[in-house]
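Colleague: Hi, could you walk me through this one? I'd like the terms spelled out as we go.

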Amino acid sequence: MNTLSLMRAGCLAAIALSAACVTINVYFPAAAAEKAADRIIDDVWGDSAAPAPGGGETSSLTGGTLLVAAAGALKWTLDGLIPAAEAAEPNLDATSPEITRLKTQMERRFTDLKPLLDQGLVGLGADGFVAVRDPSAVPLAERNRVRTLVGNENADRAALYREIAVANGQPQWETQIREVFAGRWIAKAQPGWWYQNDSGAWAQK
Amino acid sequence: MRTALLVMLLIAAPAAAVDRVELRIGRVDASGWQLRDVAADWHRDGRVRLQTRAQGQALPHPLHAELDCVRLRTDDGVRCGALRLRASLDGATLETTGAAHVATADRWQLTLQQARLRLQHDSEDGRLAAENLQLGLSGDIDRRDGETRLQVQAQSLGGQAYVEPWFVDLDTQPLALEAALSLSGTDALQIGRLQLRLPGAATVAASGELRLSDWTRRHRLQVDVDIADTAPLVPYAQAALATTRLRGLQADGALRLAATVDNGRLVQADATLDDLSVTAPDLAAGFDGLDGRIAWTDAGTARASRLAWRSGQIGRIPVGAAQWRFETAGRRFALREPVDVPLLDGSLAIERLALSGLGSEALQADFAARLRPIGLAGLCRALGWPEFAGTLSGSVPGLQLRDGRLFLDGALSASAFDGEIRVSDLRIIEPFGVLPRVAADVHLRRLDLAALTGAFDFGRITGRLDGDIDGLRLIGWEPVAMDAHLYSTPGDRSRKRISQRAIDNISAVGGGPTGLLSRGVMRFFDDFAYRRIGWRCVLDNGICRMDGIRPSDEGDGYVLVQGWGLPRIDVVGYSRRVSWPVFMSQLRSIGRTGPARIDGS
């Protein structure tokens, strides 16, 4: 009788622990995020997106644990309990009506933004946003139009990064998603466009 | 120091009965000042020419100056008639004629006539720029008793300017400026009058005082803006609002603004509107005949404000004349008396509206309103929907803003088709963000299907219908997500019949065959009895996952209409995943053309 209830308690504890471990180990799916970013960038930039060098390669973010996993002593027992697939191949869902709508808005704006990228007046920032590279190079009559385009584009980009995080039920991923996008926008930029390198200096592709 | 030295030289020269003195000094140093390449040329007949490059702690760039005096008298200090001055500092060049009188270093007067100022400037961040900007100036500068007084009139002669976010092309939009300023000591500037005029459109007048050394933080200014005609200013308003939801704003009418700014803080602002029309295309809203006075104060006792409009439009719904009496101070707004806003043949009666924390994350609202019955026929007409009878009413006893979402308490209910439609848990997600969304739960109870199918030209169905549409989310009034379930009202004992055409339509919408029933023996029946109808759609990402009352007996379909009696007709659907846009276009085509028919039999 006693052994039975002990076993039962043990089972319950194991189930509870394994369930807890599954929810704790939330890896940011960096590789999946890069693929999702590439698809969105292709949609927004259309044929203008350059074939992605290094697309699908995993960045240094891969496997970064967002919330610290269970202590080492417990881990080996639990590893055996969790189905391998659950932790090994995390997915990232970058489709939601909000994302579609934002993508459409950005795609429409790209007609106006592309000439500015081509001329080098606007460049791709290291932070996942666009920026006016040299404000003085913009003719006075155009300055507010350029400022507005950049401002509205960045508002949409901020919303896009947030909505992708929200669509995956992980709002705290927003920063990492933005970082992945920052790299992918630059990787897929056309030759001649300007981008900010890691030290914040402008460079031309 | 500099003046004293030169004056001494010039006074000494005639004494020696010399005809001409030419003097070049490489460098003159004084406390805070340095002159380089000073060249002075004196003629016996009184003509003097002076050239120098000056650099001072107060000057960001070296100043080049050339001064010509045609008549120089030195009996009472130095008096220079028919003066010609050319000075340049970085991108600014001033050329002028006039007269000067220097009695002492602290008592002098300069008169400018037909002065011309050219500006070429671009700030490092590009937010302030002038391109070949030219101003014509005339006025007096007068230094006496430790006070410098400036009286000047200026008008633009051409060129372009950019003061973020405004671009002004002075070739097409001339400006005129008048100023009466006085400087006590070197820091305290009194603005007696500073007036900027855009001929035919607006006048901006300012007065007050400021500290030159820290003018962005230490000032007290009274600014009055009088806009006789807003139309020429619309491009400037649009430029300022281009990144907000008010982008594309149109305005026509008169507007006066008065503001008091104290050390960088707005302390009081009054706006007077006179027959103003405003349209904001992005918000799909506009108002005509706006009249009233809005009096805002930063702190202290709130004053009475009034705002009225003659007519308006919110979305596609016309809004009637309304008058708001309220008070607003700091981040607070409160209605002084209830407002009745006519909407079609009904109205929105706002009994209570008090907001605090306006423009901040901590917006709090105390709101209570009732929707007085609005005829659905008129509403449907306004929205371009098929017309049907009924009324819409409801009450919103409160609203809250949390996490960028505006939650409306209470519910709206419509009595339509002899049943009830209830909209509850209404929320507006990020109402001021880049992607405003509306979310709600909708419940339908005991709708008369005969009236409903009649309104939508779907083919006749009789009986009663219930529905639960949970988690409905709309972007731009288009549903993008929901869990919708429509089903025969449980326990309904009314006569349940469905026409051939309705069956055809249900089948067509589901992608199935049409016209099957108009062949063979079935064609003798106009309609059929049914036991239950049920349809479910879980919409997400443009895909509707469909289901019916229960799985079909054969195959992996689902039953949409369960027949009853003889002849018994069951309608079974097989498509589980249906594209929502395709589904909607099929539904719309039914309303227009009726179902497809197959001839013969």
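Modeller: Happy to. Two strands pair if DSSP finds at least two bridges between them; helices (H or I, at least four residues) and strands (E, at least two) are DSSP runs, numbered from the N terminus. This is a predicted model, where local features need pLDDT of at least 70 and side-chain atom pairs count only at pLDDT 80 or more, while totals for chains, interfaces and linings use all residues. Residues are numbered from 1 along each chain as its sequence is written, and chains are lettered from A and ligands numbered from 1 in the order in which they are written.

Colleague: Switching topic: which residues of helix 4 of chain B are buried?

Modeller: B:L449, B:L452 and B:T453, in a helix that runs over residues 449-456. Buried means 20 or more other C-beta atoms within 10 Å of a residue's own; 12 or fewer is exposed, in between is partly exposed, and C-beta atoms are placed from the backbone.

Colleague: Why are they on the same side of helix 4 of chain B?

Modeller: Because they cover an arc of only 90 degrees around the axis, taking the directions from the helix axis to the C-beta atoms.

Colleague: What do they pack against?

Modeller: Strand 30 (437-448), strand 31 (464-475) and helix 5 (500-509) of chain B. Contact here means backbone-placed C-beta atoms within 7 Å. Just after helix 4, B:D457 takes a positive phi of about 55 degrees.

Colleague: Now the interface: how many residues of chain A are in contact with chain B?

Modeller: 20 residues of chain A, in contact with 20 residues of chain B. Helix 5 (97-119) and helix 6 (140-167) of chain A each give two or more residues to the chain A side. Helix 6 has the largest share, 11 residues.

Colleague: And what's the make-up of chain A, in helices and strands?

Modeller: Seven helices and four strands. Of its 205 residues, 34% count as buried.

Methods. Contact = placed C-beta atoms within 7 Å.
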